[in-house]
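Have your viewer ready and try each task before reading its solution.

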Amino acid sequence: MSILIEHISKTFGQFQALSPLSLDIQEGEMIGLLGPSGSGKTTLLRIIAGLEGADTGRIQFGDRDVTNLHVRDRRVGFVFQNYALFRHMTVADNVAFGLDVLPRKERPSPSEIKKRVMHLLDMVQLAHLANRFPSQLSGGQKQRIALARALATQPEVLLLDEPFGALDAKVRKELRRWLRGLHEELGFTSVFVTHDQEEALELSDRVVVMSNGYIEQVDKPGDLYASPNSRFVFDFLGNANVFEGKADQGKWLNQQASLQLPKGIEQQDGQLYVRSHEFFVSDAPTEQANLPLKVVAINPIGAEVRLELSPIGWQSKDIWEIDLPHKAFDQHGYEKGQTVFVTPKAGYFFADDLAQPTPLHW
């Protein structure tokens, strides 16, 4: 089921939660709404579901206008962050709830309900827990039950609000992989809200980046990461180091720090953005760069080692973060308090008078 959102807006009192925005979701897509708290992503999700009314605009499911339809008539499955399971009901009864409360004409027979519930529990690999109560389940198991309950009524659209936000990192990763497989198997259209960049990039067919009630960018995960169209998107997706200075005769200058610029940027004012993994680190400046920094912290993080660096003799608002493979770190043996020099491999230049960034390669 495709979803067409046209010029949707929403205010709460004097607060503009959503400025007029439009979005076209194709049938079978999994769309991630990504953004910080207050960006409007949950409000948009609730408007799609019919749990909130929009001030302007319309929503269409396929060829059906659902703008003024009650939530019960939209055939939407909704999964809440806190699971919202009924504590006094067994797992099987929780999954069956949406079917049990359907109008008599639409309600399947008791035997059909039982058959569908057991099929869904098999699908989420929890059939052996059918007679347990929610208090006897782990967080990951509760979330799978909430998903099974949402799918029981065979909704045309599945909506998920921070579905894995309350779970630990390992369980989140396992459930993301499971949900992606389930989505590919069943082919339903789904929209989920998250503030976790990794989750959005891993799960989504396309990511909708939101900020202050606006859509900043809509793109496939790889394209979004490789070609951000604004400072906000670049900042929000991954660790970005910002080099503030001034271009002068092909160099970027900031007090004692300097960087040779690729051709094409001479006198423009702006900022250089470089992601944390796009650096060479050395014990001395290079022909391209004289960016001295002091190692203030060393943090092993999975397959990489993150160096936290403080600029020496030049201004920067933040501590810089540089991610190195363990092999590169071990070869040099950097220590806390040591002075190092960094040279960018790639980055983006955001000119003050241009909306689109310029990709740079050294």
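**Exercise 1.** How are α2 and α4 oriented relative to each other, roughly parallel or oblique?

*Solution.* Keep in mind that this is a predicted model. Start with the geometry: the axes of α2 and α4 lie 7 Å apart, and the angle between them is about 30 degrees. Next, recall the cut-off: angles under 35 degrees count as roughly parallel. The two helices, α2 and α4, are therefore roughly parallel. As for handedness, α2 passes α4 in a right-handed crossing. From α2, the contact uses V91, N94, V95 and L99, and from α4 it uses I145, A148, R149 and A152. Sorted by class, the contact of α2 with α4 has six nonpolar residues, one polar and one charged.

**Exercise 2.** Work out how α3 and α4 are oriented to each other.

*Solution.* Helix α3 covers residues 110-123, and its axis is 10 Å from that of α4, at an angle of about 140 degrees. Roughly antiparallel would need an angle over 145. The pair α3 and α4 is therefore oblique. The contact joins R116, L120 and L121 of α3 to I145, A148, L151 and A152 of α4. These residues divide into six nonpolar, no polar and one charged.

**Exercise 3.** Describe the largest pocket and find which elements give two or more residues to its lining.

*Solution.* First, the volume: the largest pocket holds about 830 Å³ of space. Its lining has 25 residues, with V71, R72, V76, G98 and T153 closest to the centre. The elements giving two or more lining residues are β6 (76-79), α2 (91-100) and α4 (139-152). Finally, the lining comprises 15 nonpolar, four polar and six charged residues.

Terms used:
Residues are numbered from 1 along each chain as its sequence is written. This is a predicted model: local features need pLDDT of at least 70, side-chain atom pairs count only at pLDDT 80 or more; totals for chains, interfaces and linings use all residues. Side-chain values use heavy atoms; hydrogens and water are left out. On a 1 Å grid over the protein atoms alone, a cavity is a set of points where a 1.4 Å probe fits but cannot get out, and a pocket is an open set with protein on both sides within 12 Å along at least five of seven lines; lining residues have an atom within 4 Å of a point. Grid points are joined across faces, edges and corners, and a volume is the space filled by probe spheres set on the points. Helices (H or I, at least four residues) and strands (E, at least two) are DSSP runs, numbered from the N terminus. Ala, Val, Leu, Ile, Met, Phe, Trp, Tyr, Cys and Pro count as nonpolar, Asp, Glu, Lys and Arg as charged, and the others, Gly among them, as polar. Axes are lines fitted to C-alpha atoms, for helices over the stretch in contact, and angles run from 0 to 180 degrees between N-to-C directions. Angles under 35 degrees count as roughly parallel, over 145 as roughly antiparallel, 65 to 115 as roughly perpendicular and the rest as oblique. Contact means heavy atoms within 4.5 Å. A crossing is left-handed if the near helix is turned anticlockwise from the far one by less than a right angle, and right-handed if clockwise.
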